Amino acid sequence: VLETQHRMMGEVASYIHNRSTRLSLASRGKTTMADTIPFANMILDALASLLAAYQKVQDMVGAYKGMRIQKEVVTVFERSHLLVQKALEAARESEAGRGGEGATAKKEVEMKYTGLVWVACDALEKVPRLDRVCVAQALTTPVLTVKDAVKELQRLEKGVRRLEAARAGGNRQAGEAGREREVGRGSSEDEDVEIVARE
């Protein structure tokens, strides 16, 4: 049952992707409300189907996958609603004969809002089947952030050791390098280390 509902959500997302493209194409040229409304209604009907599929899935999946699906479904809803709203506004302005304003609105529908719907639908289709994969994906960003922080600390620690060795050694070359750092001609890494060492 879960697999069927998951597949259904993907199919509905694909349908919304397709209908948003058709709505965007209908918004080109001399657009009327009659051209736009049928595709807008198709998208709204598809959103109702998406909601029904989501409601069946939400109680059958783990917490992380449930949160991920909810986030993606909400994004599809928000962006699809915005696209329909902007497409209808563009059609209204076109019918009213507002050349410049109507053309700008149509261009926005075609490029910006349609693209946002495509991205949201693709993200929903790519939600992993397994809850543990959703957990792993949720942890990826924090883990990478921690790894970057550790690398930076290791770089600074290495620089501090090198600076201490140069000062302790007292050889001429190390002394010259130290003077260069003090007058601002050293590498950016050494400057960072110098600041940390002073603090």
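## A first pair of charges

Let us start with Glu-72 and Lys-71, whose side chains meet in a salt bridge, with 3.7 Å from N to O. A salt bridge here is a side-chain nitrogen of Lys or Arg within 4 Å of a carboxyl oxygen of Asp or Glu. Glu-72 is buried at a relative accessible area of 7%, whereas Lys-71 is exposed at 52%. Buried stands for under 20% relative accessible area, exposed for over 50%, and partly exposed for anything in between (1.4 Å probe, protein chains only).

## About the model

This is a predicted model, in which local features need pLDDT of at least 70 and side-chain atom pairs count only at pLDDT 80 or more, while totals for chains, interfaces and linings use all residues. Residues are numbered from 1 along each chain as its sequence is written, and side-chain values use heavy atoms, with hydrogens and water left out.

The predictor's confidence in each residue is its pLDDT, on a scale from 0 to 100. Across the protein chain the mean pLDDT is 75, and 69% of the residues reach 70 or more. Confidence is highest in helix H2, at a mean of 87, and lowest in helix H7 (residues 188-198), at 50. Helices (H or I, at least four residues) and strands (E, at least two) are DSSP runs, numbered from the N terminus.

## Salt bridges along helices

How many salt bridges does the structure hold? There are 4. One of them joins Lys-86 to Glu-89, with the closest N and O atoms 3.9 Å apart. These two residues sit 3 residues apart in helix H3 (residues 63-95), about one helical turn. Lys-86 is partly exposed at 21%, and Glu-89 is partly exposed at 27%.

Another salt bridge links Glu-157 with Arg-161, where the closest N and O atoms are 2.8 Å apart. Both residues belong to helix H5 (residues 131-169) and are 4 residues apart, about one turn. An α-helix has 3.6 residues a turn, so residues three or four places apart point the same way. Glu-157 is partly exposed at 43%, while Arg-161 is exposed at 52%.

Helix H2 (residues 33-57) has 25 residues and reaches 36 Å from its first C-alpha to its last. That is close to the expected 36 Å, a span defined as 1.5 Å times one less than the number of residues. Its buried residues include Phe-39, Ile-43, Leu-47 and Leu-50.

A nonpolar core is a set of buried Ala, Val, Leu, Ile, Met, Phe, Trp, Tyr and Cys residues joined through side-chain atoms within 4.5 Å. The largest one has 33 residues, of which Met-9, Ile-16, Leu-50 and Val-76 touch the most other members. H1, H2, H3 and helix H4 (99-125) each supply at least two residues of this core, and H2 gives the most, with 10. Setting aside neighbours within four places in sequence, Val-76 is in contact (heavy atoms within 4.5 Å) with residues including Ile-16, Leu-50 and Leu-124.

## A buried arginine

Not counting residues up to four places away in sequence, Arg-19 touches Phe-39, Met-42 and Ile-43.
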